[in-house]
Amino acid sequence: MSLTLHGIGIGGGIAIGHAHLMSHTDIEIAQYLLDDAQVPAELTRFDDAIRITRKELEMLWGSIPENAPTELGAFLSLHLMLLNDHTLSKEPRELIETQRCNAEWALKQQLDTLLAQFDEIEEEYLRERRTDVIQVAERIFKALAGHDPGAHLPASQARDSILVAHDLSPADMVLFKDTNYVAFVTDVGGPTSHTAILARSLDLPSVLALKHARGLIREGEMVIVDGVNGFVIVDPDELILAEYRTRQQEWLLKQSALQDIRASVPVTRDGVQVELFANIELPEDTTLALANGATGVGLFRSEFLFLKEESLPGEDEQFEAYKAVAQNMAGMPVIIRTVDLGKDKIATWQEDTDAPNPALGLTGIRLCMAEPSMFRTQLHALLRASAFGKIKLLIPMISTIAEVKQTRRHLEEVKAQLRSEGIAFDEDIELGGMIEVPAAALTVRGLLKHLDFISIGTNDLIQYSLAVDRNDDAVSHLYDPLHPAVVKLLSLIIDTANAVGKPVSMCGEMAGDPALTRMLLGLGLRRFSMLPAQLLKVKQQVLGTDVAALAPLIEAMCETSDSDELRAFAAQLDA
Ligand code: PEP
Ligand code: MG
């Protein structure tokens, strides 16, 4: 009898195939005390295991296929870094020496201590790195047990195998490229877990966080993976199978149609020109942005440079990153957002992370104002890089005009410093502001007098307007881009900017949702910035839209305060 399991859909379309179960990597750990005389041999056994594991990881790192996503290398170097860190490679040695426990036991004790520390971390991205620590430790356990730690991924025989795993490590992902697997599903994995990040870039149908998939799916069983809607159908009957074969074909057709429009200019059926930019987090993301036809970077989240280090990134390091983006984009606009830390993204060097409510605390531009030396270092690096391309500055989380004025003062002073240092920069560099707080939305006319452009951050604008924490699963059903309050605010922001003739763009997730493209075009938005993977889908919507024809429905959407009514109007936009 068929069974449907729900999880987090990572995309990649639909796959139909036979399940291949990956055994759980849990290893039985023997715990025993050693005689004094046995200690030196045990230390050698432990050191050997570390050496073998390192060799294995280095080998995998060296065998990353050229077309593999850049994240893969990053995760493998993270695993190597964890392995080389004294907490895993040295401290268990001390336990062997002082407590005379066997190597596995020593490593297990150390792992437990580390995991307890990870559980204390509030920042989701860092907390999820605990899985990486477990995966590295599992490799060492395997090496201690004399297993070949390299052979993780079971070989798939058939051409349509679907891997069913508890979790997949980055090393498994390297092997994935060379197998016959057409999709994978896992029991665990949050939306920002490494598995999710890699799955997205592999672009294979995948569903994570299914919880009990490995217990409920049998080896060889027929399964359908719907990575778009986030579910897995186990043992489907002929009727469901036929339905999904059709859906799969439709999806594939849509994908190849998308490639055809890569080079087309985004213009609506009634001749309205639109700009489609990319959101990036690291300089190398520009490759994907360009491959998907982006004609600019609408949001470079510079804080990712600040998150990966133990300490603040130096000015030169920042300069090189900004310059690389500017050069990669070869004269196209590159909007770099000044560091936006403090709420969901907290850097290790930030001391005060116990704010009672970080989302309403010292975040975005507020943190920059409180840390002028960090801010001015970044402005200095940004201005230097502005000599190498068309860089524009964007400040996050503004809620008052005073913040913009103060930013301008900092900017002018850093410019004066550069002039006195004889360093070239773009004298006319533009300064924009993110509109992501209701206070900024409601006073946007005033803000626009002091800004060259604005960019709407809907992720936060929705969170703050609806009082719904964007990271809290318990209220995610209330996080609604089509709430009448959100639509009214968007309409106000876009209308005001258009009326005063200043550019307005959108860089929140709404901009990359093809289901909302028509509404945003109807509201007057002409500049969209999104994850590179969304660009072609949104372009396709743009090409098929007649903006003028949407006007009556858009007007009705802006007037109603009833969510259901608004949703009904929105559905008609696609009719
Ligand atoms: C936003 O809030 O919409 C936005 C683009 O910024 P971030 O998601 O980085 O907070
Ligand atoms: Mg934001």
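The points below cover the two ligands and the residues around them.

1. A word on conventions: this is a predicted model, in which local features need pLDDT of at least 70 and side-chain atom pairs count only at pLDDT 80 or more, while totals for chains, interfaces and linings use all residues. Residues are numbered from 1 along each chain as its sequence is written, chains are lettered from A and ligands numbered from 1 in the order in which they are written, and side-chain values use heavy atoms, with hydrogens and water left out.

2. Ligand 1 is surrounded by 13 residues, the closest being Arg-301, Arg-337, Gly-457, Asn-459 and Arg-470 (a residue belongs here if one of its heavy atoms lies within 4 Å). By type, the shell has six charged, four polar and three nonpolar residues. Helix α20 contributes the most, three residues.

3. Oxygen atoms of ligand 1 make polar contacts (N or O pairs within 3.5 Å) with the side chain of Glu-436 at 2.9 Å, the side chain of Asp-460 at 3.0 Å and the backbone of Thr-458 at 3.1 Å. The protein covers 99% of the 290 Å² of accessible area that ligand 1 has on its own (Shrake-Rupley method, 1.4 Å probe).

4. Glu-436 and Asp-460 also coordinate the magnesium ion, ligand 2, at 2.0 to 2.2 Å (donors are N, O and S atoms within 2.8 Å of the metal, or 3.2 Å for Na, K and Ca; water is not among the atoms, so the site may look incomplete). Glu-436 sits in the loop between β13 and α18 and Asp-460 in α20, so the pair ties together parts 24 residues apart in sequence.

5. Are these two residues buried or exposed? Glu-436 is buried at 2% relative accessible area, and Asp-460 is buried at 3% (buried means under 20%).

Technical notes: A polar contact is a pair of N or O atoms within 3.5 Å; within protein, one must be able to donate a hydrogen and the other to accept it, and residues adjacent in sequence count only if both atoms are side-chain atoms. Helices (H or I, at least four residues) and strands (E, at least two) are DSSP runs, numbered from the N terminus. Ala, Val, Leu, Ile, Met, Phe, Trp, Tyr, Cys and Pro count as nonpolar, Asp, Glu, Lys and Arg as charged, and the others, Gly among them, as polar. Buried means under 20% relative accessible area, exposed over 50%, partly exposed in between (1.4 Å probe, protein chains only).
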